[in-house]
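Me: I am new to this structure and would like to go through it in short questions. Please show it here.

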Amino acid sequence: MRASPQYHSCCSIKMVSLVKVLCAVVLVSCPSHVFASDINMKNHTEKAIQKAFTTSLQLETSNYSHSGRIFNGKNANIASYRYVVCLLENKSCECGASVITYYHALTAAHCVYPNPNISKFALYGGSASLSKGGIVFYLSKIVIHPLYNPKTNYYDVAILQVKKSLEGYKNIARIPLQDAEVPSNTLCYVAGWGYNLKTNPDNLQYATQLTVSQQQCSAAWPGSIMSANICTKQGTDGDLCNGDSGGPLVCKGKLTGVISFGGIPCDSSPPTVFAKVSAPTIRSFIKTYAGI
């Protein structure tokens with residue numbers, strides 16, 4: 001039986017949590033129509049994990065998925081991914097996020113929608129392991145992009161502001177924002193905690209991705225792609241069905257996208273869709289609420 005992850009807050013308050021079930025794929029069938037918010041990981045037992053995962057397979061809601069799934073990725077050293085943090089909801093790791101200032105992280109709007117109550121959310125960072133070495137930071141504010149549309153997934157970004165600065169911790173750092181267009185066929189990567197259909201990896205995972213053209217992405221997702229999106233397909237190391245929701249797409253060392261949604265079933269191989277950080281409507285939102 002897998003032990004419950006133990007988190008230590010910056011206020012020296014111990015927190016106990018279980019990693020939310022994350023399902024992922026590399027060209028294998030992925031459960032149809034699963035939303036991250038639909039999996040309830042309240043019970044701290046192996047039985048509860050399996051029950052919640054089984055239940056999630058039956059939830060039919062859409063033809064895309066928001067669930068976080070890096071599959072067949074590689075173990076990541078936190079020293080190389082210090083900006084990656086986990087968004088906790090009720091002490092359970094629900095989504096990914098990226099540190100963009102020492103008081104702000106960027107995640108997907110759907111991770112906190114429709115009830116961005118700061119009392120139930122926190123950030124966990126500073127460790128590749130979900131069970132040891134990390135620090136919990138409590139939130140003072142959550143701001144969802146004012147144009148976010150849960151039906152279309154447009155402008156799927158949100159700013160998380162912490163009460164205490166993230167600065168001064170060995171394995172926590174900011175990532176610069178992408179300020180240029182990224183051409184198609186650029187090698188990028190995603191990072192997060194995933195589920196490989198056998199175990200819930202305790203260690204941070206990463207997988208490479210190749211960007212695809214707007215035309216190719218729009219053809220795969222008719223009517224669902226706008227200029228404020230960027231899309232990728234499988235790279236050379238591992239894959240994601242739809243990525244760890246809210247987590248980073250990093251291209252040329254800069255935060256380029258926020259993981260939004262991907263295709264179901266995964267073996268149909270449509271591109272994964274991200275909110276595009278450099279899009280004017282998203283970049284101005286970040287400037288307004290994070291000051292950068």
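Me: Which residue does a disulfide join to Cys 86?
Reply: This is a predicted model. A search of the whole structure finds 4 disulfides. In one of them, with S to S 1.8 Å, the partner of Cys 86 is Cys 93.

Me: Is Cys 93 buried or exposed?
Reply: A residue counts as buried under 20% relative accessible area. Cys 93 has 4% relative accessibility, so Cys 93 is buried.

Me: Is the disulfide of Cys 95 and Cys 111 left-handed or right-handed?
Reply: The sulfur atoms of Cys 95 and Cys 111 are 2.2 Å apart. The torsion about their S-S bond is about -90°, so this disulfide is left-handed.

Me: Where in the chain is Cys 111, the partner of Cys 95?
Reply: The pair links distant parts of the chain, 16 residues apart. Cys 95 is in strand S7 (residues 92–101), while Cys 111 is in the loop between strand S8 (104–107) and strand S9 (121–125).

Me: How many residues apart in sequence are the parts that Cys 217 and Cys 231 tie together?
Reply: A disulfide joins Cys 217 to Cys 231, with S to S 1.9 Å. Cys 217 lies in helix H2 (residues 214–220) and Cys 231 in strand S14 (residues 229–234), so the parts tied together are 14 residues apart.

Me: What percentage of the residues in the protein chain is buried?
Reply: The protein chain has 3 helices and 18 strands. Both Cys 217 and Cys 231 are buried. Of the 292 residues in the protein chain, the buried ones make up 59%.

Technical notes:
Residues are numbered from 1 along each chain as its sequence is written. This is a predicted model: local features need pLDDT of at least 70, side-chain atom pairs count only at pLDDT 80 or more; totals for chains, interfaces and linings use all residues. Side-chain values use heavy atoms; hydrogens and water are left out. Helices (H or I, at least four residues) and strands (E, at least two) are DSSP runs, numbered from the N terminus. Buried means under 20% relative accessible area, exposed over 50%, partly exposed in between (1.4 Å probe, protein chains only). A disulfide is a pair of cysteine sulfur atoms within 2.5 Å.
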